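Hi everyone, thanks for coming. Let me put the sequence and the structure up, and then we'll walk through them together.

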Amino acid sequence: MQASTESSPLHSRRAATTRNGPSAKWFLLFWILIIGLSVYAVYSYTNYLKDQVLNQLSQQSQQQLTLLKTDYEQKIAVLSSEVQELQSTVQSFNELLTFTKDNASAKTDNSNKLYTQLSEVRKQLDTLKKEMDLLK
């Protein structure tokens with residue numbers, strides 16, 4: 001009877017299991033290796049994407065800073081030219097006021113009108129200087 005038990009299906013199943021043992025280990029090792037490589041690939045790809053996003057953000061911020069700088073310089077140039085114009089106007093009013101004071105008589109009071117105009121121009125000049133200081 002022992003000869004019949006060795007040829008039984010239970011004995012052949014054990015023999016197949018022992019034969020498949022090393023191949024099951026290699027199969028498991030293969031899947032662990034595939035999973036490990038997949039995790040590494042995902043990690044590397046996310047780092048690559050992060051670097052790309054950071055580079056794009058850096059380029060965009062650099063472009064925006066360049067635009068802001070150009071706009072700021074243009075506004076400063078415009079304000080500087082306006083200040084120059086106002087200073088020349090103030091200078092001409094000062095000269096006219098000095099001339100009027102020198103030639104003023106008791107009958108005319110033009111110096112007060114010119115002085116009022118001069119003070120208005122000075123107020124505008126002060127306002128423009130404040131705006132320039134705010135832009136700086």
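Going along the sequence, you read α-α-α.

Quick housekeeping: this is a predicted model, so local features need pLDDT of at least 70, side-chain atom pairs count only at pLDDT 80 or more, and totals for chains, interfaces and linings use all residues. Residues are numbered from 1 along each chain as its sequence is written, and side-chain values use heavy atoms, with hydrogens and water left out.

How confident is the predictor? On pLDDT, its per-residue confidence from 0 to 100, the chain has a mean of 81, with 76% of residues at 70 or more. Over residues 1-6, pLDDT stays under 50.

Now, burial: 10% of the 136 residues count as buried, meaning under 20% relative accessible area with a 1.4 Å probe, protein chains only.

The largest nonpolar core has eleven residues, including L79, V90, L118 and M132. Such a core is a set of buried Ala, Val, Leu, Ile, Met, Phe, Trp, Tyr and Cys residues joined through side-chain atoms within 4.5 Å. Helices α2 and α3 (110-135) each supply at least two of its residues, and α3 gives the largest share, six.

Beyond its neighbours within four places in sequence, V90 is in contact with L118 and V121, contact being heavy atoms within 4.5 Å.

Technical notes:
pLDDT is the predictor's confidence in each residue, from 0 to 100. Helices (H or I, at least four residues) and strands (E, at least two) are DSSP runs, numbered from the N terminus. Buried means under 20% relative accessible area, exposed over 50%, partly exposed in between (1.4 Å probe, protein chains only).
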